[in-house]
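Subject: Structure for you to look at

Hi,

Here is the structure I promised. Please open it and keep it beside you while you read my notes.

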Amino acid sequence: MNQLVHDIMTRYRSQRVECVDGTLVVRALGTTGRQRLLLRCAAALRAACPPGWEALVAVGVHLAPGRLVIPDFTVNRLAGDGTALAAEDVVLAGEVLSPDTRVVDRTLKHPLYAAAGVPYHLVVDPSEAEVAAALFELEAGEYVEIARGEGGVIELPRPFPVTIELSP
């Protein structure tokens, strides 16, 4: 990571600063309600992780050279204690949409995760009357929806079975 990106990331800790092909993408962390939702998701995933895996919140992921993104949460294989994960260690990348992240999360990050070979992408949308969610699985380089939340709950069949309560 070049010095400019490092300096910006250090200065704006209350923001998420990502780098995609030389372009900096700066996003706010979001509301407290959004933070609670992403922590509920991460906690459910962490509790269900098999040995050798973990769930983390807001960790950098190197998708490719020049591509460092920060998913809201990840499920990943236990890796070293570095500042960012390698894409091949990430099993699931999760995003909780907000008005300022919706376009980036759906149109930019979704295909970037697929191109990097991240097997699962969980998208949670709190803008619906009941929080909506969809789990996508990578098949032949494209994501295919394999689970959808209903009634404020989503049941994930993979990468391991887990039920996530989306509504408080």
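First, a definition: a residue is buried when its relative accessible area is under 20%, exposed when over 50%, and partly exposed in between, using a 1.4 Å probe and protein chains only. You will also need the element names: helices (H or I, at least four residues) and strands (E, at least two) are DSSP runs, numbered from the N terminus.

Two notes on the source. This is a predicted model, where local features need pLDDT of at least 70 and side-chain atom pairs count only at pLDDT 80 or more, while totals for chains, interfaces and linings use all residues. Residues are numbered from 1 along each chain as its sequence is written, and side-chain values use heavy atoms, with hydrogens and water left out.

Start with strand E12. Its side chains alternate. Ile154 and Leu156 point to one face and are buried. E12 runs antiparallel to E13, and 4 bridges join them. Two strands count as paired if DSSP finds at least two bridges between them. The two strands form a hairpin, with 5 residues between them. Look for Ile154 opposite Ile164 in E13.

Now the whole chain. It has 3 helices and 13 strands. Of its 168 residues, 44% count as buried. Its accessible surface comes to about 8400 Å², and 55% of that belongs to carbon and sulfur atoms. These areas come from the Shrake-Rupley method with a 1.4 Å probe; for residues, only the protein chains shown count as cover.

Next, the sheet. It is open and has 6 strands, in the order E3-E6-E8-E9-E10-E11, with mixed pairing. Which strands stand at the edges? They are E3 (53–57) and E11 (142–148). Each has a single partner strand, so one side of each is left without a neighbour in the sheet. From one strand to the next, the twist averages 20°. E3 and E6 (residues 73–77) run antiparallel and are joined by 5 bridges. Glu54 stands opposite Asn76 in E6.

Helix H2 (residues 32–48) packs on this sheet. H2 touches E3, E6, E8 (90–96) and E9 (120–125). Contact means heavy atoms within 4.5 Å. The direction of H2 makes about 175° with that of E3. Such axes are lines fitted to C-alpha atoms, for helices over the stretch in contact, and angles run from 0 to 180 degrees between N-to-C directions.

Then the inside. A nonpolar core is a set of buried Ala, Val, Leu, Ile, Met, Phe, Trp, Tyr and Cys residues joined through side-chain atoms within 4.5 Å. The largest one has 26 residues, and Leu45, Leu122 and Ile164 touch the most other members. H2 gives the largest share, 6 residues. Beyond four places in sequence, the contacts of Leu45 include Ala55, Phe73, Leu92 and Ile164.

Is Leu78 buried or exposed? Leu78 counts as exposed, at 53% relative accessibility. You will find Leu78 in the loop between E6 and E7 (84–86). Leaving out residues up to four places away in sequence, Leu78 touches Gly52, Trp53 and Glu54.

Last, the cysteines. Cys41 is buried, at 0% relative accessible area. Cys49 is buried too, at 16%.

Best wishes
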